[in-house]
Each structure stands twice: as C-alpha cells, then as structure tokens.
Amino acid sequence: FGIMAGKVKWVTDIEKSVLINNFEKRGWIQVAENEDWNFYWMSVQTIRNVFSVETGYRLSDDQIVNHFPNHYELTRKDLMVKNIKRYRKELEKEGSPLAEKDENGKYIYLDFVPVTFMLPADYNLFVEEFRKNPSSTWIMKPCGKAQGKGIFLINKLSQIKKWSRDSKTSSFVSQSSKEAYVISLYINNPLLIGGKKFDLRLYVLVSTYRPLRCYMYKLGFCRFCTVKYTPSTSELDNMFVHLTNVAIQKHGDDYNHIHGGKWTVSNLRLYLESTRGKEVTNKLFDEIHWIIVQSLKAVAPVMNNDKHCFECYGYDIIIDDRLKPWLIEVNASPSLTSSTANDRILKYNLINDTLNIAVPNGEIPDCKWNKSPPKEVLGNYEVLYDEEMAQSDGTDRDLRGRPGQPTGVKGSRARDSGKPVLTTWK
C-alpha cells in the first residue's frame with residue numbers, strides 16, 4: 001500500500017477493516033476510494049515518523065504523501081515570520097528592488113506580515129517597539145496550536161508580566177521551558193462587512209518547491225465573527241469580536257448553522273467590486289497572490305523538497321480598511337470537516353481536485369514525473385506560479401515597480417492606462 005496513495009488488494013472484508021483501523025490509529029484519514037485504490041490524508045504528526053532518521057520509512061516511487069517533511073518552516077507561526085524576515089534581509093543584501101524601503105524604513109513590497117516578535121526570546125525588542133506607541137494593541141498566539149486556542153489580546157505591558165507569572169516563566173531574557181509564543185501588532189482597522197470582522201481562508205497547493213510550482217484554489221471563503229467589531233479596550237477579552245476561527249465562533253449565541261458565518265470569495269469579490277470598484281478589487285487580489293508567492297519563495301531554500309511530497313496549505317489573510325492584505329498564518333492541515341452543506345461540497349471538491357493533480361487520472365503514483373499536470377485535470381485550481389516556466393520565458397525578473405496583475409502562466413491582464421503594468425511575478 002502507499003502511505004498517501006496506494007494500491008491495496010483486499011483479501012477479505014475483515015482484513016480491509018483491520019487495515020483501515022490501523023491507518024486511523026496512526027493518524028491517517030481515508031478521503032477517497034476508487035476500486036482497489038485507497039487514498040489517505042496523513043496528519044502532520046505522522047509525517048515526522050515517516051521521515052524520521054531513526055524510525056523512518058523508505059518510500060517507493062509509487063508512494064506519495066500530503067506533507068513536506070519540514071512543512072513547519074512555513075506553518076509554525078514563529079518559523080514563518082523568521083523565514084520571511086531572513087528572505088527580506090537576503091534580498092536587501094543582493095540589492096534587489098523587491099527589498100526597497102520607504103522614507104520611514106518600511107518595506108514597500110514585502111510589508112505583508114504584521115510586526116511580530118517571539119516570546120520569551122524577543123521580549124526586550126518587543127518592549128522597545130511597544131513604547132514607541134503605547135496605545136497599540138497586540139495579539140499573543142502560542143506557536144504550536146491551532147483553532148484559536150491560547151490566543152489573547154493585550155494593550156499593557158503589565159498584562160505580559162501577568163501572563164509571564166501565570167506561566168511560571170522565571171525570566172524573559174533566557175529561553176524557558178514554557179511554550180513559545182508570538183506577539184504581533186493587532187490589525188485594529190480591519191475591513192468590516194455588516195460591522196463584522198472577517199478573514200479569508202484560501203487554499204494553495206504546492207507540488208514542488210525547487211522549482212517552485214503552486215496552484216491557487218478558486219473556491220476559498222471568508223469567515224465572519226458573530227459579534228460586531230469594536231476597537232474598544234473593554235472588548236479585548238471577547239473572542240467572538242476578534243477571532244474568526246469557526247472552532248470559536250460556533251459556540252457564540254449568534255452563530256448561524258445554515259451558512260456558518262461564511263461567504264465565498266466570489267461573493268466577497270462581487271461586494272468589493274460594487275462598493276470599491278473593479279480596479280481596486282483586482283489590485284487587492286493581485287496583492288494577495290503576491291503575498292502567497294513571496295511567502296513560498298521565502299521558505300523554498302530551507303524546505304526539504306522530497307520528490308514524494310505535495311501539500312495543500314490553508315492561508316489566512318486579513319484585509320484592513322485601506323484594502324491592504326496581511327498574511328496572518330499558514331495552516332498545514334486546514335480543516336476538512338464541514339460545518340455547512342456548502343462547506344461539504346467545497347471540501348469534497350478540494351480533496352478531489354488536489355488528488356487529480358497529485359495523482360493524475362487516478363493512475364499509479366509516480367514521484368519521478370515532472371508534476372506539471374495537463375490543464376484539464378486542474379478542476380477549480382489555477383496555476384499561481386510556475387518558476388520553471390517563468391524562467392524559461394525570461395519573466396522571473398526583479399520587480400521594478402508596484403506589483404500589478406498576476407500572470408504565472410495565465411497571461412497578463414495589463415490595463416490600457418498608457419503605462420506598462422508590471423506583473424506580480426516580475
């Protein structure tokens with residue numbers, strides 16, 4: 001059998017039942033079955049065992065898995081920020097126009113993650129930044145948790161000290177044994193619809209990091225809070241105001257079980273086009289695509305690009321009231337459970353389209369193929385960026401101006417403005 005996709009010749013129903021139960025205990029979820037083919041979705045915990053030096057498996061050419069061995073370089077909150085910071089510094093050293101800064105020292109093109117520090121390691125740096133703007137609000141998140149667990153907001157240094165004491169941390173200067181946190185400047189001017197805060201959950205499939213080839217899923221969605229947003233400090237503890245995670249919002253009194261507090265991305269696009277205009281909306285989504293590609297480029301050099309691997313990431317993006325998108329985090333295991341009927345259809349199609357790219361035509365997986373499937377099998381995916389094609393076309397050059405329309409291999413949509421519009425990939 002294959003760990004992600006493999007051929008199993010069942011002898012009896014009992015043997016099939018025993019094997020499937022064994023898979024489930026090891027953290028694998030059966031997501032599809034096709035005659036004698038069975039596809040399993042592996043958990044992020046299990047992937048470490050598969051590629052462990054001590055206990056690891058030797059995968060054959062017809063076995064593929066749905067995570068890269070060190071996916072956490074992108075999907076752990078602290079490592080994602082660390083890698084993006086390193087990427088920016090490297091581009092600066094190279095003198096790349098991408099790393100250009102404005103008169104205030106802010107990156108013009110690479111300013112897409114909120115100011116973030118690691119605690120306890122960066123406590124002194126955080127205090128220095130906090131004192132520049134004492135009225136700011138910050139959000140604290142544990143590095144290794146999901147679904148909004150352990151997250152809280154602060155606007156006073158005394159709250160950090162209290163957290164430190166409650167967590168039995170003896171000192172911020174030295175690393176302690178307690179769980180690491182990231183603390184980020186809170187986006188306190190989010191774009192509101194109906195007075196409520198929301199974020200975007202977008203799905204991005206990476207088939208290879210070197211060369212980078214990634215696909216954007218067209219059927220993402222927005223997740224809304226159930227309580228109207230207020231920046232009032234009296235509501236800092238009300239997570240129904242601030243956190244969009246369904247795992248939190250579903251416990252709210254105003255949660256709607258029919259639509260689940262969700263909008264499709266296409267509905268958001270229609271809303272923005274009608275309220276802000278088509279050109280502004282196109283620019284916003286181009287910048288979102290730009291953020292995703294740059295974040296993947298940031299981790300590509302450190303990612304273990306195993307030929308047996310592919311990965312479907314869940315990107316969380318927040319848009320502020322100036323229509324500037326911010327990358328909040330990237331999930332290695334975006335939820336595949338459905339909270340509504342539409343959710344079920346979307347996630348069924350997501351799994352189906354992902355497998356069609358990873359294992360075209362349901363044939364025997366072959367990790368040696370070039371992982372560039374024909375257009376007809378993409379389903380709701382579209383090519384976001386193909387480094388190999390970009391380089392062969394001579395289009396993967398440094399940015400010389402503000403990011404404009406994306407192309408990848410989709411072609412440019414430059415507007416007739418009299419000025420050449422550069423694509424986000426140039």
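# Strand pairs, helix packing and aromatic rings

Me: What makes strand 5 (residues 138-142) and strand 7 a pair?
Reply: Strand 5 and strand 7 are joined by 5 bridges in the antiparallel sense, and two strands pair if DSSP finds at least two bridges between them. The count meets that rule, so they are a pair. Within this pairing, Met-140 stands opposite Ile-183 in strand 7.

Me: What kind of model is this, and how are residues numbered?
Reply: This is a predicted model, in which local features need pLDDT of at least 70 and side-chain atom pairs count only at pLDDT 80 or more, while totals for chains, interfaces and linings use all residues. Residues are numbered from 1 along each chain as its sequence is written, and side-chain values use heavy atoms, with hydrogens and water left out. Helices (H or I, at least four residues) and strands (E, at least two) are DSSP runs, numbered from the N terminus.

Me: In what sense do strand 4 (residues 116-119) and strand 7 pair?
Reply: Strand 4 and strand 7 pair in the antiparallel sense, over 4 bridges. Here Phe-117 stands opposite Ile-183 in strand 7.

Me: What makes the pair of Phe-152 and Tyr-181 tilted?
Reply: Rings of Phe, Tyr and Trp (its six-membered ring) pair if their centres lie within 6.5 Å; planes under 30 degrees apart count as stacked, over 60 as edge-to-face and the rest as tilted. By this rule there are 13 aromatic pairs. For Phe-152 and Tyr-181 the centres are 6.3 Å apart and the planes at 55°, so the pair is tilted. Phe-152 is in strand 6 (residues 152-154) and Tyr-181 in strand 7, 29 residues apart, so the pair links distant parts of the chain.

Me: How do you know what type of aromatic pair Tyr-203 and Tyr-217 form?
Reply: Tyr-203 and Tyr-217 have 6.4 Å from centre to centre and 80° between the planes, an edge-to-face pair. Tyr-203 lies in strand 9 and Tyr-217 in strand 10, so the pair ties together parts 14 residues apart in sequence. Both residues are buried. They also belong to one aromatic cluster with Tyr-215, Phe-221 and Tyr-381.

Me: Why are helix 9 and helix 10 called oblique?
Reply: Helix 9 (residues 265-275) and helix 10 (residues 278-299) pack at about 140°, with their axes 8 Å apart. Angles under 35 degrees count as roughly parallel, over 145 as roughly antiparallel, 65 to 115 as roughly perpendicular and the rest as oblique. The two helices are therefore oblique to each other.

Me: Is the peptide bond from Leu-119 to Pro-120 cis or trans?
Reply: The bond from Leu-119 to Pro-120 is cis, with omega near 10°. Pro-120 is in the loop between strand 4 and helix 5 (123-132).

Key
Axes fitted to C-alpha atoms, helices over the stretch in contact; angles between N-to-C directions. Buried < 20%, exposed > 50% of the residue type's maximum accessible area, 1.4 Å probe, protein only.
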